[in-house]
Amino acid sequence: MTLDEAGLAEMRKRAEAGGAEKYHAANAAKGKLFARERIAHLVDDGSFTEDGRYANALADGLPADGVITGTATVAGRPICLMANDSTVKAGSWGARTVEKIIRIIERAYERGHPMIYLVDSAGARITDQVDLFPGRRGAGKIFHTQVRASGAIPQVCALFGPSAAGGAYIPAFCDVVAMVEGNASMYLGSDRMVRMVTGEQTTLEEMGGARVHCAESGVGHFLCKSEAEALDVVRRYLSYLPDNWTQEPPVASVQDPLSVDLGGLVPASERQAFDMRRFVKGLLDHDSFLEIQALWARELTVGFGRLNGRTVGVLGNNSMFKGGVLFVDSADKAARFVQLCDAFNVPLLFLADVPGFMVGTAVEKQGIIRHGAKMISAVSEATVPKICVVVRKAYGAGLYAMAGPGFDPDATIALPTAKIAVMGAEAAVNAVYANKIAAIEDEAERDAFVTARRAEYERDIDIARLAGELVVDTIVPAADLRAELIARYAAADGKDRTFARRRHGVTPV
């Protein structure tokens with residue numbers, strides 16, 4: 001059958017209209033945009049070119065087969081994207097849905113363009129499982145293609161509704177996931193399936209809602225109040241990264257930092273907590289810090305920022321939460337962020353104020369050694385410029401995890417408040433002299449003995465001595481740290497990024 005202009009126009013109108021009006025209305029009542037509206041909000045005006053618009057055009061009620069794919073620009077830079085249309089069978093996948101998704105990821109990988117996933121899908125259409133599930137170009141090929149592209153191109157997901165069953169792995173294989181609170185969810189089995197299989201009574205929100213994943217599981221990275229906020233996060237996130245692994249991150253205009261007394265932020269007593277996020281914001285270009293996973297494993301703050309207009313990845317121990325001690329989750333958080341930065345040529349800045357890794361029965365059973373090894377492996381393997389700044393303390397394996405001197409940092413810098421040791425003075429004196437302390441009956445004599453031993457220990461780990469022993473490269477006042485970092489990162493440009501003769505390491509996961 002030959003199409004005339006009127007017939008083609010009608011066919012295009014049906015393809016772009018999405019599902020029935022009642023589904024549009026239901027989404028609008030939840031504060032959800034139509035998939036094409038999401039695309040329009042995200043990309044530059046007039047830049048979107050659609051592929052596969054007429055997928056399943058001859059079927060009834062399956063416009064574009066429930067997914068929109070194509071290319072566009074964001075802030076003038078080329079990207080590829082897919083967007084589930086939840087007005088079409090709840091955004092579920094058919095065979096052509098799967099093929100369209102695979103093709104656009106392949107195109108992004110081949111062209112070296114960032115891949116954006118706008119997800120709102122109930123998962124596979126069970127009635128179509130033979131066509132979409134098991135074959136060489138079935139749903140599994142989506143994940144295989146994502147994994148192949150991982151670290152080669154940025155992959156970013158904004159999640160607006162469900163991402164169910166196998167479909168939950170699309171966000172999981174992305175570098176970051178922005179989730180809209182109240183609507184977004186990720187789960188392998190629905191609440192009904194969980195009830196049937198395990199007898200547990202739960203809800204989708206309790207099991208896989210946005211807050212659960214952003215604050216408890218760590219699968220989500222940004223908790224957003226609205227779809228517009230999630231799309232803006234995607235745009236901002238991409239602004240820190242190159243198009244692909246062969247390029248350098250874009251350079252922005254230099255913004256002077258906030259006027260902050262950095263030295264005044266750091267308490268002299270290591271027992272007194274302070275918010276490392278304030279220190280970071282006072283060090284970086286004004287309003288440039290984008291914190292990632294702000295609600296999860298909060299004892300470690302990570303995110304992108306700019307230093308003299310250039311992107312850096314920041315990891316800082318935050319004593320406001322659990323004393324800044326490294327736990328299982330914070331080790332995983334660090335490892336993944338370090339790998340992300342190393343993949344896309346983003347220099348790393350470690351701001352150490354760490355008592356070490358957590359000890360005790362609970363964390364040992366959780367595998368703290370294995371997770372700590374994963375973090376230390378990631379730091380070791382990172383070949384981008386990396387600088388360790390000991391802000392206040394770096395004890396035990398915490399020094400190693402924060403890119404201490406043994407891990408080939410381009411520099412180890414200490415503030416005057418810095419202490420580097422196997423452990424703090426109180427713990428060390430107790431470890432060495434516990435029996436002798438217990439044997440001193442007079443309280444005043446015992447206190448004097450402990451005070452004297454602690455003073456000896458503090459002299460032993462004096463930062464001036466450590467500088468004299470070349471443990472640290474320099475000691476700088478906090479007020480001079482920004483200028484010192486700018487100069488040292490500039491000196492590290494073009495460094496050799498060879499690490500080892502091998503295919504890849506065996507990660508302790």
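Which two side chains meet in a salt bridge with a distance of 2.9 Å, N to O? Point 3 gives the reply.

1. **The model.** This is a predicted model, in which local features need pLDDT of at least 70, side-chain atom pairs count only at pLDDT 80 or more, and totals for chains, interfaces and linings use all residues. Residues are numbered from 1 along each chain as its sequence is written, and side-chain values use heavy atoms, with hydrogens and water left out.

2. **Overall build.** The chain has 21 helices and 16 strands. Both are DSSP runs, numbered from the N terminus: helices are H or I with at least four residues, strands are E with at least two. The C-alpha trace spans about 100 × 55 × 45 Å along its principal axes.

3. **Aspartate 285 and arginine 482.** These are the two side chains in the opening question; they meet in a salt bridge at 2.9 Å, N to O. A salt bridge here is a side-chain nitrogen of Lys or Arg within 4 Å of a carboxyl oxygen of Asp or Glu. Aspartate 285 lies in the loop between helix H13 (276-283) and strand E9 (290-292), and arginine 482 lies in helix H21 (residues 481-491), so the pair ties together parts that are 197 residues apart in sequence. Aspartate 285 is buried, at a relative accessible area of 3%. Arginine 482 is buried too, at 14%. Buried means under 20% relative accessible area, exposed over 50%, and partly exposed in between (1.4 Å probe, protein chains only).

4. **Lysine 393 and aspartate 353.** Their side chains form a salt bridge at 2.7 Å, N to O. Lysine 393 is in strand E13 (residues 386-395) and aspartate 353 is in strand E12 (residues 348-354), so the pair ties together parts that are 40 residues apart in sequence. Lysine 393 is buried, with a relative accessible area of 4%. Aspartate 353 counts as buried at 0% relative accessibility.

5. **Arginine 38 and aspartate 120.** Here the salt bridge is 3.2 Å, N to O. The pair links distant parts of the chain, 82 residues apart: arginine 38 sits in helix H3 (residues 35-42) and aspartate 120 in strand E4 (residues 115-121). Both residues are buried.

6. **Charges as a whole.** How many salt bridges does a search of the whole structure find? The count is 31. Arg12, Glu16, Arg36, Glu50 and Arg53 are linked in a network of salt bridges. The chain has 57 positive and 63 negative side chains, and the centres of the two sets lie 4 Å apart. Lys and Arg count as positive, Asp and Glu as negative; His and the chain ends are not counted. Each charge is placed at NZ of Lys, CZ of Arg, CG of Asp or CD of Glu.

7. **Inside and surface.** Buried residues make up 52% of the 509 residues. The accessible surface comes to about 23500 Å², and 53% of it belongs to carbon and sulfur atoms. Areas come from the Shrake-Rupley method with a 1.4 Å probe; for residues, only the protein chains shown count as cover.

8. Contact means heavy atoms within 4.5 Å. Of the contacts in the chain with a separation of 6 or more, 72% are between residues 24 or more positions apart. Glycine 161 is in strand E5 (residues 155-164). At 0% relative accessibility, glycine 161 is buried. Not counting residues up to four places away in sequence, glycine 161 touches Lys32, Val119, Asp120, Asn183, Ala184 and Ser185. Serine 185 lies in strand E7 (residues 185-187) and is buried at 7% relative accessibility.

9. **Two backbone points to check.** Most residues other than glycine have a negative phi. Alanine 297 has a positive phi of about 50 degrees. Alanine 297 is in the loop between E9 and strand E10 (300-307) and is buried, at 10% relative accessible area. Aspartate 408 has a positive phi of about 55 degrees. Aspartate 408 lies in the loop between helix H17 (397-401) and strand E14 (411-414) and is exposed, at 62%.
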